[in-house]
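Let's take a friendly walk through a protein model and look at how some of its side chains meet. Have the sequence and the 3D view ready as you read.

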Amino acid sequence: DWHRENHFKLSALKAIGVLTGKFVKVSAAELKNGGFAKKLKAAKGGMLFIDEAYAVTPAVITEMVNKVPKEGGKVAIVAAGYKKEMDEFVQYNAGLESRIKYRFHFDDYSVNDLVKIINIKLELKGYKLTEDAARDIGQVIESGTDQELRSKYNGRLTDNLLQWASDEMNQRLPLDATGDQLITLNKKDLESAIVRFTMARPPVKKDPTLLGGERVEHQLKLWNLDQYAVLFVRAGYRGLTDLCQLDEQRLR
C-alpha cells in the first residue's frame, strides 16, 4: 500500500512538471554524520525532499549552507514541516535563509478535503464503504474531532482513521466472512475508529534537536524569555554552564 500511494504521489508530481528526475525523500535523522552530502549526491538531477526538516541538527544546517551553493542547479531541495517550527528553522542561520528562494504555506485540510483523501485511499487499498458510511463519513469526522486535532494531523488523520476502522471491521466479522464482507467498512466501524483514535493517540514526541536542553529552557522561562528557548537550545546551549557568560541583562 505504501508503495502504491507513493507511486501515485510521484506520478502526480511528474504529471504537472514539478518532478522531472529522481526523487529522494529523507528524514532529519538520515542527514547526520555526512548524510546530507550523500543524499544530495543521490538526488542529483532530481529532487531531495527533507521531511520534518525543523528536526535537523545545527551541524546539518551548517553543512547545508556550505554544500547548497556548490550544487546549485543540479538538484531541487524541498524542506517541509509545521509552519511555526519551519519559521524557526529558517531563522536559525542567515546563510540558510538567504538560499531559500520560495516558501509555500498550505492551509489545513477541510473536512471535505479529508473525505476526498479517504475516498482516494480507500480505492488504493481496495476497501469499500456501505451506503450510510459513504454518506456520513464527513459528519463522523467533524463530530468526532475538533479543529485543533484536524490541524495537527491533517492528511495523517485519514491513515489513522482507516487503520482503526479496518481493525474494527476485522473484529466484528464472523469467521466465515467472504467476498465484499472482508473489504467493506460500515458507519459503525468509522465511528468506533474515531473514538479509538482520539483516545489512543501516541504521545507527542519531543523535537530531537531540543533533547538535553531542558535546564536552559527552564532558566529562560524564569527570565520570561521562554519564547527564545528553542533558538538557544538548537544553537548548542544545553546546560546552565553554557549560559554562564550570558546573564539575564546580556541575554536581553
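Which residue forms a salt bridge with Arg196? In this predicted model, the partner is Glu168, and the closest N and O atoms are 2.9 Å apart. The two residues come from distant parts of the chain: Arg196 sits in helix H10 and Glu168 in helix H9 (residues 156-172), 28 residues apart. Glu168 counts as buried because its relative accessibility is 16%, under the 20% cut-off. Arg196, at 24%, counts as partly exposed.

A second salt bridge joins Asp189 and Arg172, with 2.8 Å between the closest N and O atoms. Asp189 belongs to helix H10 and Arg172 to helix H9, so this pair ties together parts that are 17 residues apart in sequence. Asp189 is buried at 2% relative accessibility, while Arg172 is partly exposed at 39%.

Now turn to helix H4 (residues 83-91), where Lys83 and Asp87 lie four residues apart, about one turn of the helix. They form a salt bridge whose closest N and O atoms are 3.1 Å apart. Lys83 is partly exposed at 47%, and Asp87 is partly exposed at 27%. The structure holds ten salt bridges, and a network of them links Arg135, Asp136 and Lys187.

Tyr153 lies in helix H8 (residues 147-153) and Phe197 in helix H10 (residues 187-199), so the pair connects parts 44 residues apart in sequence. Both Tyr153 and Phe197 are buried.

Technical notes:
Residues numbered from 1 in each chain as written. Predicted model: local features only at pLDDT ≥ 70, side-chain atom pairs only at ≥ 80, totals over all residues. Heavy atoms only, no water. Buried < 20%, exposed > 50% of the residue type's maximum accessible area, 1.4 Å probe, protein only. Salt bridge = Lys/Arg side-chain N within 4 Å of Asp/Glu carboxyl O.
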